[in-house]
Amino acid sequence: MHLRSSGVRRRLAEDREREDTIDLHLMSASATAAERAAVDAMLGRPESVWEGGARSAVDGHVAFGGYHAAARRRHLLLPALQALQGEIGWISPGGLTYVSERLGVPPAEAYGVASFYALLATEERPRRVAHVCEDVSCRIRGGDALLAALGHRADVVPSPCLGQCDRSPAVLVQRAGEDDVSLWGATPEDVTRYLAGAPRPHRDAGEFGVPQTVDRRSELRLLHRVGAVDPWSLEDYRASGGYEALARSLEMGAAAVIEEVKRSGIRGRGGAAFPMGAKWEAVAMSGAEVRYLICNADEAEPGTFKDRGLMEGDPFAVVESMTIAGIAVGATRGYLYLRGEYPIANRHVAAAIVAARRAGLLGDDIAGSGVAFDVEIRIGGGAYICGEETALFNSIEGFRGEPRQKPPYPTEAGLFGAPTVVNNVETLLNVPMIVLEGGDAYARIGTPQSTGPKLFCLSGAVAVPGVYEVEFGATVGDLIEMAGGVTGPLRAVLLGGASGAFIGPDLLDLPLTFEDTRAAGLSLGSGVVMPFTTEADMADVVRRIAAFFRDESCGQCVPCRVGTVRQEETLHRITIGSPNGSRRRDVALLAEIDAAMKDASICALGHTAGTAVQSAIALGLIGGAP
Amino acid sequence: MTASIEITIDGRSVGVAAGTTILGACRSIGADQPTLCYLENLTPVNTCRVCVVEVAGSRALVPACSRRVEQGMEVRTDTERVRHSRKMVYEFLASSVDLSLVDDATRDWMTRYGVDPDRFGPPAPPAGDRDRRNAGHHADPALDAAETVAQPVKVHDELYVRDYGKCILCYKCVEACGPDAQNTFAIAVAGRGFDARISTEFDVDLTQSACVYCGNCIGVCPTGALMFRSEFELRKAGVWDESAQTVTRTVCSYCGVGCNLELHVQDNRIVKVTSPLDHEVTSGHLCIKGRFGYDYVQELGDDLATTPIDVVLASVRGRDGAA
């Protein structure tokens, strides 16, 4: 029997051929003219009746393209649904039917995909909806108050972390037929104004959340352009050293670039800390005809906002880094998978891609080298899980964002079944530096096992929240001090994000390196350092983390799908209700739930869904001794 | 001849063909493992996680149903970690789903692992909105009850009953409806997280969907969430009695393909039709005619109003007559 490790959701090319025999049964609902126009704007006009167009005389004799051609475009399913959402404000049965017809996707599967994403609505709702962040940082810095002030209205919904923890409270106003608006430091008046249709501010404010750029710019390697160089100008980017690394890498050749990356010792900054050089080499050596490079910009770990700052403030660096990486591993196409809650980053990077293409820095003949590489942005639909690399593949391919069981690993069978490198934005932005300065020089930065500069996201109870760049080796206390110190008596620090752990004030001297955190049984995660004072309602914060994982579990495997629910329920019982039996029994139950999620879940979301809760109990943050 | 791979299972050396799964290797030496979402005639989706085992060198546990053996692999199937995860998976399911119709093997495994679903509190009452919940949002949990997938039964036609309060979301029906058998794609998983559910597009009735009533989804359902209407009505009337049923194997008479049928007969009435999973023609899958078109063989002058099954049959006929 032919085995596929994640069944219906992972279809390799040969399977797709086999499946190309179905006839679609469509709903009787038909799309409105506006819905068809929205979808056609994304997919192009249908060329014949065979893909949902009007019947012409010639269709009676010739089937152009037909179902097979349509189904090969399944990867455009999410963009097509987003086109409907963006123009119409929801995905109606008629709209979904038309998308199904255009792409040859069974309507039940299209609905399964549409209903998977929080930013897509499958029931009619107001054309403008404000997503108000209620996550760990915002809820104690005005988010809860903002939600309360806005009151109960159909066009205001609570949201998971919007990646603006440095400027709480954050709001995303999602608007049909108009630009989405990203708000920070938002007041109820701001929200109601944009809900009433006020135009988006002409130019996005130059606040990138990088306090160090004010007085310590010369010390910065990753952030040095942010806030200083016009993110819309290729000329300014070049004038500040941009695209020197691409030129250098083309001279060196792919093998030499990979060698330098290996020598640099750089590990991934997305949470898994995998050696980047090994990943690149595996794909480069695969010999596969088709390979992909993916820049994972689905930054959604609560408390994380560093990649947003990089993309907003230095978008050309993202494009250049992807180009170097793509060429090095032998990919001709790269995808930037960008979370849907980042409209400003989207505009900036999209403009950079256009400018780079026009300047011959992307396309069939990059900088006259004869090498081809191009980048496409794919926008997420509001799903934290799609930051998991295999869920990300499924999302791009037009399937539900459910992770795949590994092995096979992405370097063997990733996007569309091809060898694929997935790197986080911050990780990739180290590449120009490695190319220009050499792997050995890079390896001298930081500690022997954690090389290079590192970004940390400081938010919560610090005086000056923001992204801070340090060399590996700085301690928790160093970073808090850089951010102006704690705003009150320190109770605990959330390290690594919602999937990380709380630590007590006794660990302020912990160096934030891969090796030191691992030795302490912790993880750097995505670089979150979020202190809480003794004023904070820690039980509320921990309940929010549990609620987050319940909301964001894809639902595929039992330990995570049900375990996150049972964890949240148990936590509510022992913090605001009465325990089932005794508190001791419920606390033990939480540990048992955590152990099963850690051991038996398919992916890292389930593996880490109980980590913060367990650490909070160990630190006594949720009341009483265990 | 495929190469032989040597592995150890709980200390025993085992040689199996390359490409064999850990589950296959376990079964080859009679060391069966529990499964729920696995079925011989479907592609493993490894979602239920009751078959997880410990593999040396792997940080998390590994699903035996889908992971293929590798040379020198050391597998342990009965460690504390394995027992704990399996127990928790069963408890998670038993506390959220009606498992009253699972098979005896599952019941035995649950007993063996000491499953106690009451630890999470009493089950919450059924919810009527599960088909309309939005991804990324949920109501605060009740403080005195464990949420469940309990919901009203979907009885929309004369052939199928869909009782999703019994659904463990094993994906088998989706696979059977889709690429593993029928290629109809009438149903898929919709929603997210605990609110994920098997659904047609916008939850339209099956009669409005692509469904062709092959019944292959019923054939693979491990929990009785999908059921023949006849079985459902007999169970409801309290007269379903498998001990009183005979199973007769025969060949479908409709066309020349040669599908084998298993006719489940109670009170001299066909109450259900299945096909053997290992049958070379069907792999357990049938079409609407073989699965449901059996009425003609028993319409031979019997008094149709004597047993409850006849009520069901009469109602099926009523539909056909109206058509």
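Let's start in chain B of this predicted model, where helix α2 (residues 80-96) lies across strands β3 (52-55) and β5 and runs at about 160° to β3(B).

Those two strands belong to an open sheet of 5 strands in chain B, and if you trace across it you will read the order β2-β1-β5-β3-β4, with mixed pairing. At the edges stand β2 (12-17) and β4 (62-63) of chain B; each has a single partner strand, so one side of each is left without a neighbour in the sheet. Further in, strand β1 (residues 4-9) of chain B runs parallel to strand β5 (residues 74-76) of chain B, and 2 bridges join them. To find your place along this pair, look for B:Ile9, which stands opposite B:Val75 in β5(B).

Now step back to the domains of chain B. The domain assignment gives domain 1 (4-83), domain 2 (86-122) and domain 3 (160-322). Where domains 2 and 3 of chain B touch, domain 2 supplies 6 residues and domain 3 supplies 7 residues. On the domain 2 side of that contact, 5 residues are nonpolar, none is polar and 1 is charged.

Over in chain A, have a look at a pair of helices. The axes of α14 (residues 306-313) and α16 (residues 343-358) of chain A come within 8 Å and cross at roughly 40°, which means that α14(A) is oblique to α16(A). Their crossing is left-handed. From α14(A), the residues A:Arg308, A:Met311 and A:Glu312 meet A:Ile344, A:Ala345, A:His348 and A:Val349 of α16(A). Sorted by class, this contact between α14(A) and α16(A) has 4 nonpolar, 1 polar and 2 charged residues.

Conventions:
Residues numbered from 1 in each chain as written. Chains lettered and ligands numbered in written order. Predicted model: local features only at pLDDT ≥ 70, side-chain atom pairs only at ≥ 80, totals over all residues. Domains from an automatic or database assignment. Contact = placed C-beta atoms within 7 Å. Nonpolar A, V, L, I, M, F, W, Y, C, P; charged D, E, K, R; others polar. Axes fitted to C-alpha atoms, helices over the stretch in contact; angles between N-to-C directions. Helix = DSSP H or I, 4+ residues; strand = E, 2+ residues; numbered from the N terminus. Parallel < 35°, antiparallel > 145°, perpendicular 65-115°, else oblique. Left-handed = near helix turned anticlockwise from the far one by under 90°. Pairing = 2+ DSSP bridges.
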